Amino acid sequence: ALVVPLGFLSVRAASLLWSILMLASLWLSIRMIAAMHGQEKSQLNLLAYTFSPVLACLIAGQMGLFVLLGLVLFLRLHQTRPLLAGASLWLCALKPHLFLPFSVVLLVWIVLSKRYSILLGAALAFALSTTVALVLDPLVFTHYVQMMAAARVGTQLIPCISTIVRLWISPNSLWLQWLPAVLGCAWALVYFRRHPDWDWIEHGSLLMLVSFVVAPYSWSMDQPVLLPALLAALYRTRSRNLVAIFAILSAVIAVANLRGVPLGNSLLYPWTAPVWLIWYLCAIHSAKLSDGARPERIVNEVTSVPEEA
């Protein structure tokens, strides 16, 4: 449903429209992320626009930026407009394999908090798009199954941790590629249980990063979906060194792309998602240390006033 309208245009017009939509999705997403954190004028937002996976996604014309927009819309609307928040999950479903632990926690959270409007919004969006697909091609699902069987995606060398795990242990055991996702779902439920005050903007960041790392397959061009988590950490950390490290890592990957390193390279790209996860954990830990030290400094300043007087 997302790409069908492009078929009514010339190649050049369709390419231009697709590029405009990608740029608009990126701009809207970063604006909304910044607004959620009160950082609309922060210069750190420039790091999001120049994030190497974002540039790769724009150059390759991939759907990752639309998936990012769906996630950001959900984060922005889930409290105030749950029906629209649920409908925005349709965009996330363009790449559902990136959201497995995230989806498990989402379903549990909806049931426990009785936010059934989100499920209704998602159901309406899926029903509409499915109806459009069936009108255009009544055998669309049959054709899709045939296409996926012929493509044999599971046997391709896709540069991600799950593929590397399968190749290291038993290359022909495809179930091993799903093992990290299963373990990730189990961890997600424990993580959710430990946070009874669940907040999707705060706690959902780590959940999304882990979901991406354990995905059964993913490409570096899918990593724009990590921007809500990474920007949140950039806003929170007070360490200039960590900000510089983030910029350098992104630049190194961008240079590798521009130098022609194939996106299927199994030496570089499988480790990029874990690196972003490690960087996020370091940035959040640094922010907590800074926040914990501030009250002590305030007490010292207050108690020193009488002595100086």
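User: Before we start, what should I know about the model and its numbering?

Analyst: Residues are numbered from 1 along each chain as its sequence is written, and side-chain values use heavy atoms, with hydrogens and water left out. Since this is a predicted model, local features need pLDDT of at least 70 and side-chain atom pairs count only at pLDDT 80 or more, while totals for chains, interfaces and linings use all residues.

User: Happy with that. How many helices and strands does the protein chain have?

Analyst: Helices (H or I, at least four residues) and strands (E, at least two) are DSSP runs, numbered from the N terminus. Here the protein chain has 14 helices and 0 strands. Its radius of gyration is 21 Å, close to the 19 Å of the globule rule for 309 residues, so the chain is as compact as a globular protein of that length. That radius is taken over C-alpha atoms, and the rule is 2.2 Å times the number of residues to the power 0.38.

User: What share of the residues is buried?

Analyst: Buried means under 20% relative accessible area, exposed over 50%, and partly exposed in between (1.4 Å probe, protein chains only). In this chain, buried residues make up 43% of the 309.

User: Which residues have the most contacts inside the largest nonpolar core?

Analyst: A nonpolar core is a set of buried Ala, Val, Leu, Ile, Met, Phe, Trp, Tyr and Cys residues joined through side-chain atoms within 4.5 Å. The largest one here has 75 residues, and those with the most contacts inside it are Phe74, Phe99, Trp200, Leu230, Trp279 and Tyr280. Helix H4 (residues 64-77) gives the largest share of this core, 10 residues.

User: Let's look at one of them. What does tryptophan 279 contact?

Analyst: Contact means heavy atoms within 4.5 Å. Leaving aside neighbours within four places in sequence, tryptophan 279 is in contact with Leu230, Ala233, Leu234, Leu242, Ile245 and Phe246.

User: Now the loops. Is histidine 97 buried or exposed?

Analyst: Histidine 97 lies in the loop between helix H5 (82-92) and helix H6 (100-113). It counts as buried because its relative accessibility is 13%. Beyond its neighbours within four places in sequence, histidine 97 touches Ala215, Pro216 and Tyr217.

User: And where is lysine 114 found?

Analyst: Lysine 114 sits in the loop between H6 and helix H7 (116-136). With 63% relative accessibility, lysine 114 counts as exposed. Its phi is positive, about 60°, although lysine 114 is not a glycine.
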